[in-house]
Amino acid sequence: MNETISRQIKMIRLMKPLILLLGLILLVACQTPEAVPTAVPVVDAPVSTPVPVAATNTPEPVATDEPDILPYQDPALPIDERVEDLLDRMTLDEKIGQMTLIENGSIRPEGVTEFNLGAILSGGGGSPPENSPQAWLEMVTAYQEAALETRLGIPLLYGVDAVHGHSNVVGATIFPHNIGLGATRNPDLLYEIGRVTAVETLATGIHWDYAPVLAVARDIRWGRTYEAYAEETDLVTLLSNAYLLGLQGVDGSTSDLGHPLTLLGTPKHWVADGGTGWETSTTGSYKIDQGDTILDEETLRAVHIPPYITAVDSGARSMMISYSSWNGLKMHAHDYLINDVLIGEIGFEGFIVSDWQAIDQITSNYYEAVVTSINAGVDLNMVPFDTSGFINAMKRAIRNGDISQERVDQAVTNILTVKMELGLFENPLQDDSLLETVGSDEHRAVARQAVAESLVLLQNDNEALPVSKDVDRIFIGGQYGDDIGLQSGGWTIEWQGASGEITEGTTFLEATEAAVSEETEVYFNRFGKFETVTDENGDPLRADVGFVLLGERPYAEGRGDREDLSINSTMIERMREQADVVVVILVTGRPLIITDELPLADAWVAAWWPGTEGNGITDVLFGDQDFSGKLSFSWPRSMDQIPFNFEEMPTEGCDAPLFPFGYGLTYQNNSPVESLDCN
Ligand code: GLC
């Protein structure tokens, strides 16, 4: 070591105490609140270094208990400024957490805090252990409070399929499914249904509804036919838009997500989920659900896209992607139809959510599936089970540059913007003040009217209908006549629905007993057997009117894919022997094949799956109100006609439907279609 260096070392040793003293003074000087960033959770090296949380220009530290309102927390500031401020403060973990949607059965509230989750959902049947409105509110509140515990306190978005009322919740008002509402052709009614559904859903603390379905359903073998309003584009557009405005607004024509009685709708499933072909599905035992829509782009644009254009114009701020494919490419991987068409061309600016574990269907390589789907435009992944799996895939993709930081920031911006538009930052928690509205008489009255307007009179020979309330005796045959679960169909309390007294409502039997005179005798038998109804001599008594209720047991999604839609006529023939007039009521999710059975009964009524208010049926059948329903689906003569060729639909002869789109008799106008012998 040479002399010069030795001298330098001595100098340093002499100055050392001075340097230490100077450093100490500087350290003390720097300990003012404005200069020290808050400790960032050491979960992951933040890609964007968070700026100091309490950045102020106060020259002297001011002792105060009240935290300053930070820009992102200030409702007086424009939302884009608030979002930008918040985004700048977020770590990568926090950003990825906002893109993660987990189902409530897979994570406890503490997990929301741990993983900075942005959203939780209840899938079909995702109820708390006790299924009551109060218990739902407590469950959702626990998750929201956990979200507010996170470092930046970003509120949670809780989602649910309130698809015909808040239909997972016992005691909620449950409406006819969309196929029945399509028959009403009444947008004002759909708006009211949206309003009621919004209030009952908000009552449980939930601000996000995975509805309406915008499917233009073209093959009624599809298990989701009943979730569609119609087979026809304009009718789907008209009614889905009215319902969306009912969910998102209170003035009948515009969305107002900041209003305390509105919630976020989710037009779904983008796009052409109702156009898939039979046996094109690759999902388990499904035949057509989640299949492939094989169409030229011109037809896709003419038939399946218009309802979404209207929904965007009406303020849609969340959209769900379809499981299905278009010409062989999964919609969740469809950069062109999502980024270029939905966002670029149609101008959708909200956030895009995947369907339930749908990203996983893109490819067996989960990492690639995540990269493909997020880059195709999905902002929020309905994982819905493996929280860490998705988060780790996202971190890896960002580290590898397969998903850019800009893409993450855009997704999080979309999500945070909608949360702020909903007012969630100011009012994240719902009190119990709305609970009394759930299943209220006022709400049920709306559903009762919807049932009445959804009924379609297919045949009314011998003036069978309306039935007098003073008849002596009525037989009601078939389990669908006294079962609220069968009456409500799929997506009711359970994902697939269920039979039995699964919720509160009025069955057809109860409604009939309430409608007729005290002298009228009403008998019910689930098998339609009434031989035990006898006179004093033991001779069987006949009924003036025999109602036969036939139907489809509840189903949802691909479990309802069905190749043969024929019915069993045994109970009709049996009733014919026991009653002077026979009326068949169909409790189904779609048209069934009844051509050969029509002559067996005097009257036929399509009641679809009416929900909890069975008295809407008796209001019409006993003449308090006339029929007004018109078919929103062509009714096939035979399975050979399915799928119909909608571009060249025959309108007469044996190739025409049994009952065409728009058909429906009334008491005033009983001009049935020409009966043909087409066998
Ligand atoms: C389902 C359905 C979708 C629903 C989602 C959450 O699989 O496809 O319509 O919103 O999962 O339950």
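In this predicted model, an N or O atom in the side chain of Arg224 lies 2.8 Å from an oxygen atom of the ligand. His269 also places a polar side-chain atom 2.7 Å from an oxygen atom of the ligand, and in the case of Tyr323 an N or O atom of the side chain is 3.1 Å from a ligand oxygen. Of the 310 Å² that the ligand exposes when taken alone, the protein buries 97%.

The shell around the ligand consists of 14 residues, and the closest of them are Asp161, Arg224, Lys268, His269 and Asp355.

Turning to the protein as a whole, the assignment divides it into domain 1 (103–158), domain 2 (159–428) and domain 3 (441–641). Between domain 2 and domain 3, the C-alpha centres are 33 Å apart, and 49 residues of domain 2 are in contact with 46 residues of domain 3.

In soluble globular proteins, nonpolar side chains tend to be buried together. Here the largest nonpolar core comprises 198 residues, within which Trp270, Phe547 and Leu621 have the most contacts. What is Leu621 in contact with, once its neighbours within four places in sequence are left aside? The partners of Leu621 are Leu455, Leu465, Pro466, Val467, Phe508, Phe547, Ile585, Val605, Phe627 and Tyr667.

Technical notes. Residues numbered from 1 in each chain as written. Predicted model: local features only at pLDDT ≥ 70, side-chain atom pairs only at ≥ 80, totals over all residues. Heavy atoms only, no water. Core = buried A, V, L, I, M, F, W, Y, C linked by side-chain atoms within 4.5 Å. Buried < 20%, exposed > 50% of the residue type's maximum accessible area, 1.4 Å probe, protein only. Contact = heavy atoms within 4.5 Å. Near = heavy atom within 4 Å. Polar contact = N/O pair within 3.5 Å; in protein donor to acceptor, adjacent residues only side chain to side chain. Areas by Shrake-Rupley, 256 points an atom, 1.4 Å probe, with all protein chains shown as cover. Domains from an automatic or database assignment.
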